[in-house]
Amino acid sequence: MATGRIGLIYDDELVDKVNKDIVPFISNAQKPALFAYSELRNLDCSEIELLLVYLSDAQLHELIEDLIGNPVKLGFLPHPMMKEAKQGFGISSNLEETIRYLLADRESFQIDVLLANDKPILNQLVIGRTFSMLSGPGLETNWIQKLKRKVQNFIKTFQRVSLQKFSISWQEQKEDTITSKDIETVALGMIVVQHGKSSILSRRYIEDSYANDGLFHTLIHAPKSLIEILKFAGKGIFRTGKVQKLPAYVAHIKTDALTLRSDKPISYNLDNTLLTAKELQLEVKSNALHVIPGEYLQVNTVKDSQKIYKVNQLPTGELKRELLKGYLPLTNHATTEEFKWLFTALRENSKLSSSYLVLMALSTLIAAFGLFGNSSPVIIGAMILAPLMSPIISLAMGVLRQDSTLIRDSLFTIGMGLLVGYFFAILITWITPLKVPNSEILARIRPNLLDLGVAAASGVAGAYAHAKKEVAKTLAGVAIAVALVPPLAVSGIGLGWLDWQIFLGALLLLGTNLAGMVLAGALTFLILGFSPFHLAKKGLLISLVLVLLISTPLGFGFSRMVKETQLVQLLSGKELDKGKLRDVKIIQMEPIRLSVTLVSDAPLDLVELEEVKQEIEGLVGKEIELELTLAIRIKNTQQ
């Protein structure tokens, strides 16, 4: 038990509770000195060793202002209206346990006080909207209610939000030189806390922070799009309590003094009190209070004065000006630098050149030879060599931004490339004596929705590869051309043979790939911030209509493929009276024509083969044409 004299400053309105629940526990050899909050100005702590504090948050603000620098040892008791200080000082909610804890000769420490325009911050200061409610627990105890609250808060993030302009200033010291730093930026909101255990959000993202390290933390929320907020909010719904990495759009400053300015009044919430100021001066008063730390307050005997200025992700320059023009956009806005080099490259890629035509001719020749030779490796070589990807990605950007010059140049270059491809594919077809389609040719005349999926993925990969310098040299050639040259060559082969089924089937696949790539590429550029939605919606709508039109026959092709797969699965390995079915192949669906191998123990005559056919028809539920191969199983007769 504490041996010196104990004092208690209490809330006048709770005097009965004080006399009943607190005074009996703190009485020792000396009678405790009692001070009512209304007599704060007459507070004399000169003979007090430990001053217990039983006050609300509002009362504590005034008390702490008076006690900064006073050597009296403080111990905080949980008051019904002490919510922010309870969290900021790490105090347990159990009154009796807290009294016993404080009177058990606990070690005391000199701790810091964080001030905002000379007013103490007990727990946290919040500016604007920080979406901190998305990452921590509320008052609910039922997990279903907690999840419901988080989902509701997640939905709120779809509301229109705008950013505010801020000027942030601080001082950095290197050796004996002090340098003033400032940054002009925009932010959705900020959270200012003295240590990592202050708020729900800081507990989740701040480590190695103490109430006596002489520093405080500012988390600056500066999203560049609603997508960034929604990603953070979505994670918050199912997030655990472990310390996690800050979202990419949150800047972190850990320092001892900071100044915030704005051309508009700064509205902020200081410990649940709403205030407004033109300028906010934030600073730490080191070793300002002598306290017995609460049960959950972290202090450190070895002070860590490592400052942090993680501000590179804050919007500045043109990006800052763009974000100030209106509401926060759905997707990120690309910077001027990104626009400049990408548009230069895309405009260059959209222009017809001799090297483009040569590569187009060579890739088509290689693809045609590979197709006639039924050689996948050769066809893959043609895919890598083909240059069609570049003007298609340029077309995607032109469609997105309604750039008529880019669209015209890209379409002309693509069209000339296709003409060259058709010319050489037809030429090789006429020269080559082969007239029977093989498996590589037949694989490209029956497109379905899966091929549209491949085209879309290729379009995304190509657009992303062009937008990111670090991957532009590695993804482009393989990711896009893979889906274009083979169907172009097959279509040319069909035209050379005057086989309209092959020609139209491969042409549909070629059109599918082109339309899917353009739409997916345009959407990727939109998400990466290379066009506002109001400018992009017309081009996207036209591309979407074309893809939907193409999807109709693809849907029939996909449905047919599913039926064929189901039929093969039904018959493969089926045990019949005369043997077991193997190697089931679909030759034709309307009417159904099958190629099947029957493994039997003995030769079968025509009557028995007819019975096999009837048995298969019974399984299929339709009449079929059957090409049956009979395989005799020879058993081991050795004893």
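Modeller: Start with Ser410, which counts as buried because its relative accessible area is 0%. Buried means under 20% relative accessible area, exposed over 50%, and partly exposed in between, with a 1.4 Å probe and protein chains only. Ser410 sits in helix α13 (residues 404-431). Helices here are DSSP runs of H or I with at least four residues, strands are runs of E with at least two, and both are numbered from the N terminus. Ser410 touches Ser350, Pro391, Ser394 and Leu395, leaving out residues up to four places away in sequence. Contact is heavy atoms within 4.5 Å.

A word on the source. This is a predicted model, in which local features need pLDDT of at least 70 and side-chain atom pairs count only at pLDDT 80 or more, while totals for chains, interfaces and linings use all residues. Residues are numbered from 1 along each chain as its sequence is written, and side-chain values use heavy atoms, with hydrogens and water left out.

Now the whole chain. It has 639 residues, and 49% of them count as buried. There are 20 helices and 18 strands. Of the contacts with a separation of 6 or more, 75% join residues 24 or more positions apart.

Next, the cores. A nonpolar core is a set of buried Ala, Val, Leu, Ile, Met, Phe, Trp, Tyr and Cys residues joined through side-chain atoms within 4.5 Å. The largest one has 32 residues. Those with the most contacts inside it are Ile9, Leu43, Leu51, Leu60, Leu63, Leu74 and Phe76. Elements that each supply at least two residues of this core include β3 (50-54), α2 (57-67), β4 (73-76) and β5 (109-116). Take Leu60: beyond its neighbours within four places, it contacts Val53, Leu55, Phe76, Met82, Ala85 and Leu122. A second, separate core has 28 residues, among them Phe166, Phe216, Leu258 and Ile266.

Then the gaps. On a 1 Å grid over the protein atoms alone, a cavity is a set of points where a 1.4 Å probe fits but cannot get out; a pocket is an open set with protein on both sides within 12 Å along at least five of seven lines; lining residues have an atom within 4 Å of a point. Points are joined across faces, edges and corners, and a volume is the space filled by probe spheres set on them. By this rule there are 3 cavities of 30 Å³ or more.

The largest cavity holds about 70 Å³. Phe76 lines it, along with residues including Phe89, Tyr101 and Glu295. Helix α4 (residues 95-102) gives the most to this lining, with 3 residues. The lining has 6 nonpolar, 3 polar and 1 charged residues. Nonpolar covers Ala, Val, Leu, Ile, Met, Phe, Trp, Tyr, Cys and Pro; charged covers Asp, Glu, Lys and Arg; the others, Gly among them, are polar.

The second largest cavity holds about 60 Å³. Its lining includes Phe89, Asp112, Leu122 and Gln194. The largest share, 3 residues, comes from β5.

Last, an open site. The second largest pocket has a volume of about 700 Å³. Of its 23 lining residues, Leu442, Ala443, Ile445, Arg446 and Gln501 are the closest to its centre. By class, the lining has 11 nonpolar, 6 polar and 6 charged residues.
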